[in-house]
There are 2 protein chains.
Amino acid sequence: MTKPTLALVGATGAVGTVMREIISSRADIYGEIRLVASARSAGKLLRVRGEDVAVQALAPEVFDGVDIAIFDVPDEVSADWVPIAAARGAIAIDKSGTFRMNPEVPLVVPEVNPDDARTRPLGIVSTPNCTTLSMMAAMGALHAEYSLRELVVASYQAVSGAGVAGSARLYDEVEALAGDRTVGQTAGDVRKVLQNKLQGESPFPAPVAFNVVPWAGSLKEGGWASEELKLRNESRKILGIPDLKVSATCVRVPVITTHSLAVHATFASEITVADAHRVLTAAPTVVLMDDPANGVYPTPIDVVGTDPTYVGRVRQAIDFPNTLDLFVCGDNLRKGAALNAAEIAELIVATEF
Amino acid sequence: MTKPTLALVGATGAVGTVMREIISSRADIYGEIRLVASARSAGKLLRVRGEDVAVQALAPEVFDGVDIAIFDVPDEVSADWVPIAAARGAIAIDKSGTFRMNPEVPLVVPEVNPDDARTRPLGIVSTPNCTTLSMMAAMGALHAEYSLRELVVASYQAVSGAGVAGSARLYDEVEALAGDRTVGQTAGDVRKVLQNKLQGESPFPAPVAFNVVPWAGSLKEGGWASEELKLRNESRKILGIPDLKVSATCVRVPVITTHSLAVHATFASEITVADAHRVLTAAPTVVLMDDPANGVYPTPIDVVGTDPTYVGRVRQAIDFPNTLDLFVCGDNLRKGAALNAAEIAELIVATEF
């Protein structure tokens, strides 16, 4: 059997870099691997599977002979190029928001809804937003046994969710502010220091160092941020609960990588902390870190760079029946992005090639 | 009429320092002001109302002739000394957790339940936990018109909530990590750098720089942190809603001062965004910052050092009837602590002296 040819489109970005590491460290199931990016990166040598591979400029013919093409590019680039790859015969796995809510495109988290990946009328499979993904393995496992009904979520989102520029900005801001032991104590003082010391636009609407910023994405009807609506709509589609009640507030925090979520989850029937511990311990890609008496709960700096979804602080809500409060962490570049796409590709290769 | 004598107990701490600034900048309603602290600070000169005042060591006789004593000291110090001050005839306003849930002690936020301050069988008035206080002016105003029923809250708590040592620790950690543009990308790397570079214990159970830590307070039954239960129990008492449903997850973030809260609030009847805007605009100590199209929402660095409670991101929950999602910021040392105590004192002076 010939090994499938893989194309990684957007191979130079924050997620693309992690994607090459992940592809290089997991079972080697591919034949040729093509790295594709914008024309200005063409010819650049990038490492994957221990080899230097020359980046090819995005063009229709790079998809000829490709079995699986993983896209991590902006929405508008996906809108143009994912259908071209599909038309040339590739199964396109798309990380952008463009096709996620299209009823003819499955939205897949392999631990949760692997069977959805089989039906692809457009030749496209979407992978969810990183914030949704950060909790989905855990919530999917709990839903499978206890039937999820409602989610109230507050996020603590890392700056690398905005790409390489997001991480660079936080490092820049921290460098500019470090050593001043009065900063952050007077309204606007952080802004003033950064205006004086830093050139260039921030990818964020406000300083992120010594701050939290309650905004992620673009403005939608009713004052919602697009990221908050994605969390609602994508959770419904992945879990197969069209009437799941969801409210989310998305907040950027000064963390480089790993999104965290405070989740208030209501189920169809009673669920105890012991029940949740049993389910989460049994879930293969979830790690339970829940022993606060010994200081054990997940935090981003302990999670970053690893694959699982971490859950801690599981509590039975005192005043809300059938409800748990919990805290979830997941690396937004790995499970939140590159890893999930790689797992979808592996699932398709394992079942169809 | 003789002006009342005020004692500030705990005058040297993070809140005590802000308390002296606040007392100095507001209407000068006091006669003598005594500064009281532990014996090791006795004799130290501290500034209040433009004068240098010598700190007195905590002792029963410092309360002789005192009309109002504001305490900002640890719980166990309040437990011992607040009753002594009251027995010597002072009205004690206590910031600690010791007496807050005592049915014979009113728990007061002057904008919300001023009348409760009048009945003081023990001569003690308590002022709430800083996390509860950060949202109470806003939630009290909304409750007065729309009858609050449920609160689901996630906090973004500043390090100065743990006092001067909390702020010092974050500055230390940021200084130790600044300049390393790879840190925060590998599990545990932040811990390693800090272990090598910093001496001394942190007041936090994990690094706070480049991190968020889902823990505040001590462990209580059911896995709850004491701070989460305080938010529940104190909100019920202040708002006078004994059956208010509350779930909270408290998380420490790398912000120096100003707590933020993502609040999901359910009311007895329908409430629109326009309704909430009207109520919050009319509330004298609340500032509405809610125009996301123009990047207007509160963030800690813009709020710190000021008195109001700031509200933004007001949205009508899509799937939950009679429910708003919103984001609240308040300076945890001012309204969250010193300012509220000063306002209680002013209320008592205005109505009783």
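Helix H3 (residues 130-146) of chain B packs against helix H6 (residues 226-239) of chain B at an angle of about 35°, and their axes lie 10 Å apart. Helices (H or I, at least four residues) and strands (E, at least two) are DSSP runs numbered from the N terminus; axes are lines fitted to C-alpha atoms, for helices over the stretch in contact, and angles run from 0 to 180 degrees between N-to-C directions. The crossing of H3(B) and H6(B) is right-handed, a term for a near helix turned clockwise from the far one by less than a right angle. On the H3(B) side the residues that meet H6(B) include Cys130(B), Met135(B), Met139(B) and His143(B); among their counterparts in H6(B) are Glu227(B), Leu231(B), Ser235(B) and Leu239(B). By class, this contact of H3(B) with H6(B) comprises 7 nonpolar, 5 polar and 3 charged residues. Here Ala, Val, Leu, Ile, Met, Phe, Trp, Tyr, Cys and Pro count as nonpolar, Asp, Glu, Lys and Arg as charged, and the others, Gly among them, as polar.

The model is predicted: local features need pLDDT of at least 70, side-chain atom pairs count only at pLDDT 80 or more, and totals for chains, interfaces and linings use all residues. Residues are numbered from 1 along each chain as its sequence is written, chains are lettered from A and ligands numbered from 1 in the order in which they are written, and side-chain values use heavy atoms, with hydrogens and water left out.

In chain A, Cys130(A) lies in helix H3 (residues 130-146). The UniProt record, an unreviewed entry, places the feature "active site" at Cys130(A) and His259(A). They span 130 residues in sequence, yet no two of their C-alpha atoms are more than 8.0 Å apart, so they gather at one spot. UniProt positions follow the numbering used here, feature names are shortened, and annotations may be inferred rather than shown by experiment.

The domain assignment, whose bounds come from an automatic or database source, divides chain A into domain 1 (6-127 + 337-352), domain 2 (132-158 + 213-330) and domain 3 (166-197). The centres of domain 1 and domain 2 of chain A, taken over C-alpha atoms, are 26 Å apart. Contact, meaning heavy atoms within 4.5 Å, joins 15 residues of domain 1 of chain A to 12 residues of domain 2 of chain A.
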